[in-house]
Amino acid sequence: MNCEGLKLKDLLVQRRSVILSKWFNRIIEMYPSDTVNFLKKEKDRFANPVGFTISQEIEALFQDLLKGTDAIAKSTSLGNIIRIMAVQDFSASKGISFVFSLKQVIKEELNHEINSVQAFEELWEFESEIDCLCLAAFDEYMKCRERIYEIKANQVTHRTYKLLERANSICENPDESEMAGAGCENLLNLNGGNGR
Amino acid sequence: MLEKMMKPEELAKIDHTPPIRGWMDPYVKFKKGAWCYSAAPKNLKYLDLPNPREWSPDQENWKLPENWKEIILDGIRERIEKYRSFRLFMDICVRCGACADKCHYFIGSGDPKNMPVLRAELLRSVYRKEFTPAGKYLGKWGGGRDLTIDVIKEWFYYFFQCTECRRCSVFCPYGIDTAEVTMHVRELLNLIGVNINWVCEPAANCFRTGNHLGVPPHAFKDNVEFAVDDLKEITGIEVNAPIHKKGAEVLVIVPSADYFANPHYYTFLGYLALFHEIGLDYTFSAYASEGGNFGLFHSKDMLKRLNAKIYAEAKRLGVKWILGCECGHMWRVMHQYMDTINGPADFLEEPVSPITGTRFENAATTKMVHICEFTADLIYNKKIKLDPRRNDHLRVTFHDSCNPARAMGLIEEPRYVLKHVCNHFYEMPENTIREQTFCCGSGSGLGSDENMEMRLRGGLPRANAVNYVKEKHGVNLLACICAIDKATLPPLLEYWVPGVEVGGIHELVGNALVMKGEQERTTDLRGEPLPVKEEDSKDV
C-alpha cells in the first residue's frame, strides 16, 4: 500500500472497519469460549444486548477518538459499555482493559504503515488519547459501582416504604436516620408482632 | 526483586481470554454480589427442615450431613419414580441448543453454564452416571459425572441463578420445562439443608402469619385502614374494605407487598377504588393475607403448606369464588397447582361476575379469577366510567410478567385494560414481550440485595428493551402485574434506564376511574399533580 503523505488518522479512517472488527473480537474473547460465538454472531439487538452494545459503542468511541478529547468527554458510549462490564464477572482491571486492547490492534494492523511513514509521534499522541479514555473508563466504572451500592442502600427503605412512613408517624420523637435503618422489624414490634 | 524486568510491550500483552475449562469440571467462584445468603437456622427450624446451621456459600465447609450423597441420590430416585415428567426431562434432551441463548442470565452474564441446556446438564450428568447404564459403564464418555461436593456447590450457584421464568421452555422442541428441573434440584438441595434465606425466611413468616413479611392480623387490618384513609384524601370517598366478612360473595387475595411496599401500594389503592365503585361484595382475609407463595421456590411440600390457607379461608368465610390480584408466581401456583394439591374446591361456585354476569369458565376448577380478566370484562361491558386523560402524564409500556404470561396465558387482558385507561401505550419489541417476555431477573426468591450484581445481569435484556421504547417513544412508566416485578424492576431501571418508573395496571385503573360522588381529583394515586382538569369525562 502506498502510504506516502498519509497521516496516522487517515490510516485509521481507511482501515476503520478492520480495526473495529479486530477490536470487537478482542473484547468478546474476554468472555468464556462457549459464549463467544453467540456474542459475535447473534445480530438481533434485543436477543444479544451485550454483543450489540459493544459493537455499536466501540464504533462511536473510535469515531470520538478520531475527533479528539472534547468528543470523548461528551461521549456516552464508554459509559454504555462500562455499565455492562461493571456488573459482569470481571475484575475492575479486566472490565476496563478493553480500552487498552485498541492499542494492540492498531499496532498489529498498521505496524508496517506506521514504520513506513514514520508516524511515531502521531501514534504516541493517539495512544495518549487512548490512555485518557482508559482513565475515563476507570471513572465510569467507579460511578457504576457506586450506583450499585446506592441502589442497594435505597432498597432497604423502598421495600417497606409504607410501613416506615407509618412508623415515623406514630413515633413521638422519630429520628429519621435511625428509622430508615430499622426496617420492618421495628414496625412489627410496634404493632405487637413477632418481628422476623 | 524480579529476576527479569518485563518490557513494556510484554506487560501490554495480557491475555484476557479465560482458560478453557470443560463444563464437566465443576468449578464455582463465589464472588460477592452474585449469590444469595444461606437460610438462617431459625427459619429452617420453624419449618421443620433438615440440617439447620450457620453456614455460608463462600466458605469451604458447608457443614453437610455425613450421608449427604446418599440423601441426594435417594432423592433423585424418589423423584424419578414419582414424576414421569422428571424422568422424561432427564432422558429426552438432544442438546439441540434451541434454548441455549434464550435465558436472560446467559444473555446478561455470558456465563455458558447459564445456558438452560447446560444448567440442566449439571443434574443430567449425575443422573446418567448413577441411573443409566451408559453413564455407569462409560463414565464421562457416556455423559456421566460423579456427584461430589463441588457438584453440589455448582448446583447451588447455578440453580439459584434460574428464576424459573420458563422462557427457555417456549423454544424447546420437546417441551422440556427447565423451570421444573430447577425446582427438582432445589428440592434435592433442601434435603441436605442447602437453601437461601430469601426463600426460607418469607416461607417461615408465611407459615406463621399467612404472609411473607410476617405481618400479624391486626397490623394487616391497620394497613388496610391506612390505605382507606389515603384513598379518601385523594378521592374524597371513604370506601369500605371488609376483612373476614362471612358470607361475602368474593374472597380477594393480594400479594402482601400490595399493602406495604412502594410502588405496589398505589395498585392496592386502585383495587379499593374499583371494588367500591362497582359495589363488589367482597372480603379480605388477614390469614390468607398473601397470594405469593415462596414455597414454589422451595419444594412441592412447602408450596402446598403455604397455599392451603387460600381454600381454607374461602371455606371458612363462605364465599362463592376467589378474585386474585396482581402477582406473578402466585398465578403459577393458583392456576397450575392449587386445584390438585389443595382441591377440589367443590364448596365454591364457578365464578360469575356479579356486575356483568360473565361466567369465567376458564376458572371452573380453581374457582379463582385474575383481576385483569375481571376488570377487562367490566370495561368490555361498559360498567365503569374512565377518564384516560388522567394518565396523560404517563407514557406507558407493558412488561409481561413471566408467570401470568407463560404459565397462564394472560396476555391480551392486561393490554385491553391499559388501552382503555391511558392514551399513551407503546409495546416493546415483539421478541421481548408476550410469551417471549424477558424476566425481571429477580424472581423465584433471587431478589435479595446481596444478589444485586447477578440481578442486574439477569435483568439486562428486559432493561434493554425498556430503554428502546424510552428512546423511541419517551416511555416513562413500565406497567406490570407482578409484585416481585414491582419490587425489583425499580432498582434494575435505576441502573440501566434511569427515568422510567414502575407501576401496576390497577394503579392506572384507579387514576382513570371516575367514581360517583368523588371530589375533583388534583393528584393521581401517587400524589403527583394531574395533567388535566377533569371535564368531559369519557364514557366507556
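Reply: Helices α13(B) and α22(B) are oblique to each other, because angles under 35 degrees count as roughly parallel, over 145 as roughly antiparallel, 65 to 115 as roughly perpendicular and the rest as oblique. The axes of α13 (residues 264–278) and α22 (residues 505–512) of chain B cross at roughly 50° and come within 7 Å. This is a predicted model, in which local features need pLDDT of at least 70 and side-chain atom pairs count only at pLDDT 80 or more, while totals for chains, interfaces and linings use all residues. Residues are numbered from 1 along each chain as its sequence is written, and chains are lettered from A and ligands numbered from 1 in the order in which they are written.

Me: Which residues make the contact of α13(B) and α22(B)?

Reply: From α13(B) they are Y266(B), T267(B), L269(B), G270(B), Y271(B), A273(B) and L274(B), and from α22(B) H506(B), E507(B), V509(B) and G510(B). Contact requires C-beta atoms, placed from the backbone, to lie within 7 Å. By class, six are nonpolar, four polar and one charged.

Me: What is the handedness of the crossing of α8(B) and α10(B)?

Reply: The crossing is left-handed, a term for a near helix turned anticlockwise from the far one by less than a right angle.

Conventions. Axes are lines fitted to C-alpha atoms, for helices over the stretch in contact, and angles run from 0 to 180 degrees between N-to-C directions. Helices (H or I, at least four residues) and strands (E, at least two) are DSSP runs, numbered from the N terminus. Two residues are in contact if their C-beta atoms, placed from the backbone, lie within 7 Å. Ala, Val, Leu, Ile, Met, Phe, Trp, Tyr, Cys and Pro count as nonpolar, Asp, Glu, Lys and Arg as charged, and the others, Gly among them, as polar.
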